[in-house]
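Hi,

Here is the model I promised to pass on. Have a look at it first, and my notes on the ligand site and the helix packing follow below.

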Amino acid sequence: MTGRLQALRQVHPVLLLIGAVLLLLAALAALPYLLMAAPGAAASIWFARKHKPSLPLRHFLRSRGTGLTLIAGITSALAISALSAAYAHALLLAIPLAGLALAGTFLSLEIIEEHTMKPIMQLVPQGQQDALSGFLSGSPAASSGGTADLSGLDPAAVTAEIKARVIGQDAAVDQSVSLIFRRSRLRRPAKPVCTLLYAGATGAGKTELAKAIAESMFAGRLIRIDCAELSQTQSTQRLIGSPPGYVGSDQGGWLCREIGKMRSGVLLLDEIEKAHPDVMTTLMALLDEARITEQSTGTTYSATGFVVVLTSNAAASDIAAIIKASPDDSPERAGRVKDALRGAGFKPEVLARVDSVMPFGELSRGAAAEIVGLFLQKYAADVGLEIQSVDAGLLIDLIQKREALAGYGVREVVRLVESAVVDGLLEARDAGYRTVAISIEGDAVRVAGVQ
Ligand SMILES: Nc1ncnc2c1ncn2[C@@H]1O[C@H](COP(=O)(O)OP(=O)(O)OP(=O)(O)O)[C@@H](O)[C@H]1O
Ligand SMILES: [Mg+2]
């Protein structure tokens, strides 16, 4: 730069003077054109900035703005020249000048509308626009999740209520309730209230206990996910929505929405081991940080107010054997249960995120009889009747049937009770009875009206 300046100083002063005079003459000659171009250039800058006020002028001129200003300036010079030619009746000159000015106007507008000032929605591909507008109009990221406020509940009363519903699983009920109460007072910021794993025999009350906890501690707020139905890669989308631009991305993720709506409750992941690995990855993040991000909108939902219950049938017979060998809960027994689960292919990373593993053994005959009693009375109450007596033979028969159907748990017995007595109960009610006696004659169940 300094070199160039020095070279300039060495040029003969007369030559410099001539150059300066020529430059001045050129500027003077161009002045009318510059004046004519000014309105167009100014108008184009004004128009473009009105469309996109946030774009600094410097950036605007550095992009397509310079070209636009130049074209608009030339256009305005052409238009003024066309007007003055028309004024001087030089139509042959005025018409092509006006044509060029018109073309310049269109070109300027084209640059403003199409290139320089596209709204963001036009830049987003068609298929992804719904997702973006869904996100833009959607709820803001849930930075703080709900909390499980159990301060108004009496732990002893809650435990008794749940035990009256879930029979023969007292250890699991006691442990679950006390852990939930303890953890709900801690309010850990980025964790679910606690994560429990109910493992073991089918039809032993695992799902029933999770439902009972939701009813007795969270006013029935329960989100239930049947992981057996989430065994495909695409299943993740049902939980957290499709990625932007994919089919259904505007519908969002079901699980995210439920969590956002309920804020606290029980999140039941039934048969967790059956979930697809991708689904598992999503759910593991939820157990880790109590956060789940909707893929379609990017909104994050917090699950800090949820008790997460996982259930699994893996290693059910091994777990039943472990419980039989050591009926009382101990750290060694818990360790053996975890080993059995790992041996059955249960993912160690899931086990690592669980606060407590609760083994569910086969229900005893006594528990099965109590459950039958519970359901008999429920069905009777449903039709407005009271049961006065139940034949022991009926209970023995039902329990024997359950044992013959080994592996089906008490679920099948509940079904048998229903099919055996509901018709008889309805008949007794229609006959005007309020109280009934239930007995068994051969293979047939008899419901006899008493009063
Ligand atoms: N311990 C129990 N107390 C009361 N009812 C029970 C118990 N176990 C099972 N039931 C009854 O049997 C039905 C099935 O039980 P539940 O769904 O809890 O089984 P589960 O242990 O989750 O079995 P699976 O592993 O097959 O899902 C329940 O709806 C309930 O009516
Ligand atoms: Mg279940």
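One definition before the notes: a crossing is called left-handed if the near helix is turned anticlockwise from the far one by less than a right angle, and right-handed if clockwise. Helices (H or I, at least four residues) and strands (E, at least two) are DSSP runs, numbered from the N terminus.

This is a predicted model, in which local features need pLDDT of at least 70 and side-chain atom pairs count only at pLDDT 80 or more, while totals for chains, interfaces and linings use all residues. Residues are numbered from 1 along each chain as its sequence is written, and chains are lettered from A and ligands numbered from 1 in the order in which they are written.

The ligand site

Ligand 1 is surrounded by 19 residues, the closest being Thr202, Gly205, Lys206, Thr207 and Glu208. A residue is near a molecule if its C-beta atom, placed from the backbone, lies within 6 Å of it. Two elements give two or more residues to this shell, helix H9 (206–217) and helix H18 (411–430). H9 gives the most, with three residues. Domain 2 (155–360) and domain 3 (365–449) each supply at least three residues to the shell; those bounds come from an automatic or database domain assignment.

By class, the shell has seven nonpolar, nine polar and three charged residues. Here Ala, Val, Leu, Ile, Met, Phe, Trp, Tyr, Cys and Pro count as nonpolar, Asp, Glu, Lys and Arg as charged, and the others, Gly among them, as polar.

The helix pairs

Axes are lines fitted to C-alpha atoms, for helices over the stretch in contact, and angles run from 0 to 180 degrees between N-to-C directions. Contact means C-beta atoms, placed from the backbone, within 7 Å.

H16 and H18 pack at about 35 degrees, with their axes 10 Å apart, and H16 passes H18 in a right-handed crossing. Among the residues that make the contact are Phe375 and Tyr379 of H16 and Val417 and Glu418 of H18. This contact has 13 nonpolar, no polar and one charged residues.

H16 (residues 365–382) also packs with helix H17 (residues 392–404), at an angle of about 120 degrees and with axes 10 Å apart. H16 passes H17 in a right-handed crossing. Arg365, Ala368, Ala369 and Val372 in H16 meet Leu395, Leu398, Ile399 and Arg402 in H17, which makes six nonpolar, no polar and two charged residues.

Finally, helix H7 (residues 155–165) and H9 pack at about 140 degrees, their axes 10 Å apart. H7 passes H9 in a right-handed crossing too.

Best wishes

Note on methods: Contact = placed C-beta atoms within 7 Å.
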